[in-house]
Amino acid sequence: MTGTPAKGVLDTRFGTIRGVLFDIDDTLVDLEYAMTTALREVSEHLLPGLDQGGWERFGRIFTHETTHYYDRYLAGELTFNDQRLLRGRAALGHFGVELADGEESHQWLSAYGRLQPGYVRAFEDVVPLLDLLDDAGVPYGAVSNNVHDYQRAKLDGAGLERIKRLVGTDTVGVAKPEPAIYLEGVRLLDVAPAQTLFVGDNRLLDAEGSTAAGLVGVWLNRTGEPLQEFGGHEVGSLSQLLA
């Protein structure tokens, strides 16, 4: 880390930084692990004998191939539980299983909602970075495309209570990539947008959206996804941010 001696300021390869904002899901916490683990637990009785490759496919459908349902939730067309159930039905339907309306759907949805939070965990590179920011006196927070209270509980459950500043979609009434949601995070940090890093795993919503709003967007590409046309800032782990 090449931090300056002054408290509250870091000199990095991205420029002089006075604040950091993070996305939450699959940036600070391993939501994909939590979702796929809980999905398997609540669906094994519906898919007896499914091999590991099948479960991986099941998880990919739910976490990556059905996000249009989540987009409809953000647009106000579906409730949170509606989008979750539709994603589950799509994943099960791929394997020829129909989740019936009524009690069966209710039990599946309730079981998943009960189990998933218990599997949420912070990535190993999160706490060391927050320690560095605390030592440097650099404020930080989180901005998420989900509602405040749900994400507050998620952070607390993952042991990240120290992240006090949190902006959800209900905080300002818009979602990423609308500029207002990033700028509300900047306001809470009380720093200038141009001296605020915004870090997240979604190239469009986190890196490009925050950059368009005047922040310093950084794509956290944990999986090493190749993307030749991306010309912005990119890191493979949070440990690389201040290295």
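Two strands are taken to pair if DSSP finds at least two bridges between them; helices (H or I, at least four residues) and strands (E, at least two) are DSSP runs, numbered from the N terminus. In these terms, A142 stands opposite L166 in β5. The model is predicted, so that local features need pLDDT of at least 70 and side-chain atom pairs count only at pLDDT 80 or more, while totals for chains, interfaces and linings use all residues. Residues are numbered from 1 along each chain as its sequence is written, and side-chain values use heavy atoms, with hydrogens and water left out.

The six strands of an open sheet follow the order β5-β4-β3-β6-β7-β8, and their pairing is parallel. At the edges lie β5 (165-167) and β8 (233-235), each of which pairs on one side only. From one strand to the next the twist averages 25 degrees. Axes are lines fitted to C-alpha atoms, for helices over the stretch in contact, and angles run from 0 to 180 degrees between N-to-C directions.

Strand β4 (residues 140-143) pairs in the parallel sense with β3 (residues 19-22) over three bridges, and Y140 in β4 is the bridge partner of V20. β4 and β5 also run parallel and are joined by three bridges. Along β4, Y140 and A142 point one way and G141 and V143 the other, and all are buried (under 20% relative accessible area, with a 1.4 Å probe and protein chains only).

Helix α9 (residues 179-189) lies across β3, β4, β5 and β6 (196-200), and runs at about 165 degrees to β5. Helix α10 (residues 203-212) packs on the sheet and touches β6 and β7 (216-220); its direction makes about 165 degrees with that of β7. Contact here means heavy atoms within 4.5 Å.

A helix pair was also examined. Helix α1 (residues 31-43) packs with helix α2 (residues 52-63) at an angle of about 120 degrees, the axes being 10 Å apart. Angles under 35 degrees count as roughly parallel, over 145 as roughly antiparallel, 65 to 115 as roughly perpendicular and the rest as oblique; α1 and α2 are therefore oblique to each other. In their contact, E32, M35, T36, L39, R40 and S43 of α1 meet Q52, W55, F58, G59, F62 and T63 of α2.

How values were computed: Buried means under 20% relative accessible area, exposed over 50%, partly exposed in between (1.4 Å probe, protein chains only).
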